[in-house]
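Colleague: Hey, can you walk me through this one? I'd like to start with the charged side chains.

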Amino acid sequence: MPQLNVRRSIHINADPQEVFSVVTDFRSWKFWSPWLCAEPDARVTVTGTGRDVGDTYSWQGTVVGSGEVEHQILENGRRSDDEIRFLKPWKSVSASALKWNPRTEEPCFHGT
């Protein structure tokens, strides 16, 4: 498959640490995950606390396919790097990097 890079920024009127705590806690994903909106009954498994390097979030379903996300780097309130491993409907590995900036006029969340 060809390489694809996507970048997005958003300004969230909240403390970056609070946003970081929600986004990097795999156990909270069931409350906001767009994938689970597509298939709420998909099987989800979280290893560890769901908030530490090496913890994983895995999913399996008819609509959403299967795969897992693993925390690779977590810098409290600043950065989260994950590896996403898709198994079905096709196998692939992707990197995801999220960065938080303190409140300014600039966007405080950057994701790729």
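Modeller: A salt bridge here is a side-chain nitrogen of Lys or Arg within 4 Å of a carboxyl oxygen of Asp or Glu. This is a predicted model, where local features need pLDDT of at least 70, side-chain atom pairs count only at pLDDT 80 or more, and totals for chains, interfaces and linings use all residues. Residues are numbered from 1 along each chain as its sequence is written, and side-chain values use heavy atoms, with hydrogens and water left out.

Colleague: OK, how many salt bridges are there by this rule?

Modeller: Six. One of them joins Asp81 and Arg79, 2.6 Å from N to O.

Colleague: Is Asp81 buried or exposed?

Modeller: Buried, at 14% relative accessibility (buried is under 20% relative accessible area, exposed over 50%, partly exposed in between, with a 1.4 Å probe and protein chains only). Arg79 is partly exposed at 26%.

Colleague: Which residues do salt bridges with shared partners join into one network?

Modeller: Glu68, Glu70, Glu83 and Arg85. Within that, Arg85 and Glu70 pair at 2.8 Å, N to O. Arg85 sits in strand β5 (residues 79-88) and Glu70 in strand β4 (residues 65-75), so their bridge ties together parts 15 residues apart in sequence. Strands (E, at least two residues) are DSSP runs, numbered from the N terminus.

Colleague: New topic: what does Leu36 touch?

Modeller: Leaving out residues up to four places away in sequence, Leu36 touches Trp29, Lys30, Ala42, Val44 and Tyr57. Contact means heavy atoms within 4.5 Å.

How values were computed. Helix = DSSP H or I, 4+ residues; strand = E, 2+ residues; numbered from the N terminus.
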